[in-house]
Amino acid sequence: MKPQDRENILYKTGKRVQINEEEKILIKKFEKLYTNKKIKALDVGCGSGEIMEILNNYGCITMGIDFSSEAINICKKKNLDAKQADLDSGINIDDNFFDMVWAGDVIEHVFDPLFLIKELSRIIKTNGYIFFSIPNDLHFSKRIITLMGESYQYSYYKKFGIYKHHSFFSLNLLNYFFKKNKLEILDLNRIIRIPKINRKFILKGSFFDLFAMAYFGVAKKND
């Protein structure tokens, strides 16, 4: 089964974009960064379009791209501007077209994330922003599992039958990808989750990198 087919089945059976605490924090960052909200915004890996709906309510002119045709159909039923696209093949949009890009939980899903980030940098204007989230594959629990001689992907395959992340992400790798493409991380948050009590914390500071299951924040395109 092709990846697109798997995603189509998920969207047909109820999968939707979730607006969690990290998304709400990024929206607040958006509110502060843009005094004029009538900007052009691209949602990369838009899914069922919930982020576009939020940005539209602020007056943004949004576009979404996703590789799932079913997700695009859901967006179109909501009258959202969305197109099907293979991100590994590039983004068919002019240079310096968008004021901002939303890239939530998508960079780790492509086969060539460095190329994708290069494309994102190309299509946003100088001083534009990328709102992103990314997993931390150097989380201490994954280190322990690896030291024990096991693959940390084992539990995912056992539970879901698939593991959809194609790159081993860490903060230094993300920084390298961004700096190589004239992008500077201005704001970075760590997601800390305690499984036993099912609590999630949003924290700042490199001290928490070892315990961060994921990062999210804002990067700016420089000259």
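In this predicted model, strand β1, helix α3 (residues 50-57) and strand β2 form a β-α-β unit that is right-handed, a word used when, with the strands pointing away from the viewer, the path from the first strand over the helix to the second runs clockwise. Helices (H or I, at least four residues) and strands (E, at least two) are DSSP runs, and they are numbered from the N terminus.

Residues are numbered from 1 along each chain as its sequence is written, and side-chain values use heavy atoms, with hydrogens and water left out. Because the model is predicted, local features need pLDDT of at least 70 and side-chain atom pairs count only at pLDDT 80 or more, whereas totals for chains, interfaces and linings use all residues.

**Strands and their pairing**

Strand β1 covers residues 40-44, and four of its five residues are buried, so β1 is largely enclosed by the rest of the structure; buried here means under 20% relative accessible area, exposed means over 50%, and partly exposed lies in between, with a 1.4 Å probe and protein chains only. Two strands are said to pair if DSSP finds at least two bridges between them. Strand β1 has parallel pairings with β2 and with β4; K40 has I61 of β2 as its bridge partner, while A41 stands opposite M100 in β4.

Strand β4 is itself mostly covered, with six of its seven residues buried, and it also pairs with β5 in the parallel sense. Within that pairing, V101 has I130 of β5 as its bridge partner. The chain passes from β4 through helix α5 (residues 113-123) to β5, and this β-α-β crossover is right-handed. The three parallel pairings are set out below.

| Strand | Partner strand | Sense | Bridges |
|---|---|---|---|
| β1 (residues 40-44) | β2 (residues 61-66) | parallel | five |
| β1 (residues 40-44) | β4 (residues 98-104) | parallel | three |
| β4 (residues 98-104) | β5 (residues 124-135) | parallel | six |

**The chain as a whole**

The secondary structure of the chain comes to eight helices and eight strands. The radius of gyration of the chain is 17 Å, close to the 17 Å that the globule rule gives for 223 residues, so the chain is as compact as a globular protein of that length; this radius is taken over C-alpha atoms, and the rule is 2.2 Å times the number of residues to the power 0.38. Taken along the principal axes, the C-alpha atoms fill a box of roughly 50 × 40 × 35 Å, and buried residues make up 44% of the 223 residues in the chain.

**A pocket and a cavity**

Both kinds of space are found on a 1 Å grid over the protein atoms alone: a cavity is a set of points where a 1.4 Å probe fits but cannot get out, a pocket is an open set with protein on both sides within 12 Å along at least five of seven lines, and lining residues have an atom within 4 Å of a point. Grid points are joined across faces, edges and corners, and a volume is the space filled by probe spheres set on the points.

The second largest pocket holds about 160 Å³ of space, and its lining includes M63, I65, K83, Q84 and F97. Strands β2 and β3 (82-84) each supply at least two residues of this lining, which divides into six nonpolar, three polar and one charged. In this count Ala, Val, Leu, Ile, Met, Phe, Trp, Tyr, Cys and Pro are nonpolar, Asp, Glu, Lys and Arg are charged, and the others, Gly among them, are polar.

A search of the whole structure finds one cavity of 30 Å³ or more, and the largest cavity has about 30 Å³ of space. Its lining is made up of E22, E23, L26, W102, G104, S133 and F216, with three nonpolar, two polar and two charged residues by class.

**Individual residues**

N96 lies in the loop between β3 and β4, where its phi is near 55°, a positive value in a residue other than glycine; at 40% relative accessibility, N96 counts as partly exposed. K182, in the loop between α8 (171-180) and β6 (183-194), likewise has a positive phi, near 60°. N189 belongs to strand β6 and is buried, with a relative accessible area of 4%. N189 and Y157 are 32 residues apart along the chain, and their C-alpha atoms are separated by 28 Å.
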